[in-house]
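I opened the model today to look up how one chain is laid out and how it meets its partner. These are my notes, in the order I took them.

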Amino acid sequence: MKIDFEHKQSAHCENGVVSNLMKFNGHQVSEPMVFGIGSGLLFCYIPFIKINYAPLITYRAMAGFIFNRFAKRVGIKIKREKFKDPKKAKERLDENLKHNNPVGLQVGVYNLVYFPDEYRFHFNAHNLVVYGKEDDTYLISDPVMQHVTTLTAKELEKVRYAKGPFAPNGHMYYPISFPETLELETAIRKGIKHTCREMLAPVPIVGAKGVKTVAKLIRKWPKKHGVKKTNHYLGQIVRMQEEIGTGGGGFRYIYAAFLQEASGILSNEELAVLSKEMTQIGDQWRDFALNASRIYKNRSVQEDAYNKVADELEAIGNREANFFNKLKRAI
Amino acid sequence: MKKEEIPQDESFFTEEHGKELYYAVDENGNYTTGLSSGWEAKTIALNNALEAIEERIADAKKRMLENKTSPIEYYMEVCKMEPPVLASYVGIWLWRVKRHFKPSVFKKLSQKTLEKYATAFDITVEQLKNVAP
């Protein structure tokens, strides 16, 4: 069976799943809207969790948070289920498909066969939609892919039961009830306020302060860890800036798109101006990524090079602190 | 980023994978989306991570052949895993997994335990026990 589900590509998996599921249920909400209302933008440096032997750095809210906040703020209800038993997980999935209900799944990337091999790491916070089943093959709409794809039942079980940090445990979710009309205005305000609060948090590893902390660390790493490890860590900073599909500072661009759309909905000119500034900040992130990646490509081991990218990052941190203060006042 | 600036560099995304989506502004300053075939910075970063893994695999292999570590560590690296990830795949405590890296301990492992590892690495027990040099 095949559900009449429209696959629309997105820059980030979770926003894309939510946006596409909303559209299926008759509510047009763009990807940036989901990201903004769900307060997806973030910066967080978590030195005590290591991913691929480097500290975890994230530019967005944890998997699941975006949808939860979005749902709460616009007044929809989501059903989430996890299963110890893979058989049960499959049964519930099939049941939903039979009832013409496409569902979102959290999966691990390592065994996602349709990804390029080079992208397949043990990363467990990816999201996709299953919109049908033909014989033993599931029809998959992975929002970061340009086209729809398929996975066999066995392949799907493997990714639903990937192990390690943030293991999905068969996590399945879908919206179950909707209000008459979506109350976007208040939701947007709440979403923006939340993001401002997080980005301005008085904690050294979160938000704008976190960015500056990492900038400081980049200056210290070459002496403390040596060039090789420093380059590896820098690589991680660049890689985490992007989920497949979001270019350097990609999340910043999505946020800028959100502010632009929000400016229209709230008739708030100020947000349009701030959207432009967010685009520039995204460009700065992009330049930083490019310069950082070139350091380890050229293997030019001047300490100056590290200080230079650290300067760039520090400037970004200062600018974001300033930006979110302005945004807080504009809303 | 302007729409015409969306990078079109070479990457690991081939024809069959399609392209990636970016948000960018058009000539009127309005946000829109465009497709990218890849971006230099991203490919370099990814290559760097892959090279690091290759090095780890080669190092584990060397130590395995010198009988300083067990094939479990080698296959763990081949599968891009870290000890905690492997521990959670096989359902064995981390300290025990690390202990299984010792060749002397590895030799005494039961068939059942070996099977758990083989399943996690997607290989046979035979392959796990006899790694071709």
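I take helices (H or I, at least four residues) and strands (E, at least two) as DSSP runs, numbered from the N terminus. The model is predicted, so I noted that local features need pLDDT of at least 70, side-chain atom pairs count only at pLDDT 80 or more, and totals for chains, interfaces and linings use all residues. Residues are numbered from 1 along each chain as its sequence is written, while chains are lettered from A and ligands numbered from 1 in the order in which they are written.

**Entry 1: chain B, overall.** I counted seven helices and two strands in chain B. From the N terminus on, their order is β-β-α-α-α-α-α-α-α. I then looked up the extent. Along the principal axes, the C-alpha atoms of chain B fill a box of roughly 70 × 25 × 25 Å. The radius of gyration of chain B (taken over C-alpha atoms) is 22 Å, whereas a compact globule of 133 residues would have one near 14 Å. That globule rule is 2.2 Å times the number of residues to the power 0.38.

**Entry 2: domains.** The bounds come from an automatic or database domain assignment. For chain B it gives domain 1 (3-38) and domain 2 (53-129). Their centres, taken over C-alpha atoms, are 41 Å apart.

**Entry 3: burial and contacts.** I call a residue buried if 20 or more other C-beta atoms lie within 10 Å of its own, exposed if 12 or fewer, and partly exposed in between, with C-beta atoms placed from the backbone. Buried residues make up 35% of the 133 in chain B. Two residues are in contact if their C-beta atoms, placed from the backbone, lie within 7 Å. Of the contacts in chain B with a separation of 6 or more, 47% join residues 24 or more positions apart.

**Entry 4: helix 2 of chain B.** How many residues of helix 2 (residues 71-78) of chain B are buried? Seven of its eight are. Among them are B:Pro71, B:Ile72, B:Tyr74 and B:Met76. I also found B:Glu73 and B:Glu77 buried. The buried residues of this helix pack against helix 1 (40-65), helix 3 (83-90), helix 5 (103-107), helix 6 (111-121) and helix 7 (125-129) of chain B. After helix 2 of chain B comes B:Lys80, with a positive phi near 60°.

**Entry 5: contact between chains A and B.** Chain A gives 41 residues to the contact and chain B gives 33. On the chain A side, helix 7 (207-240), helix 8 (250-266) and helix 9 (269-298) each supply at least two residues. Helix 9 of chain A has the largest share, nine residues.
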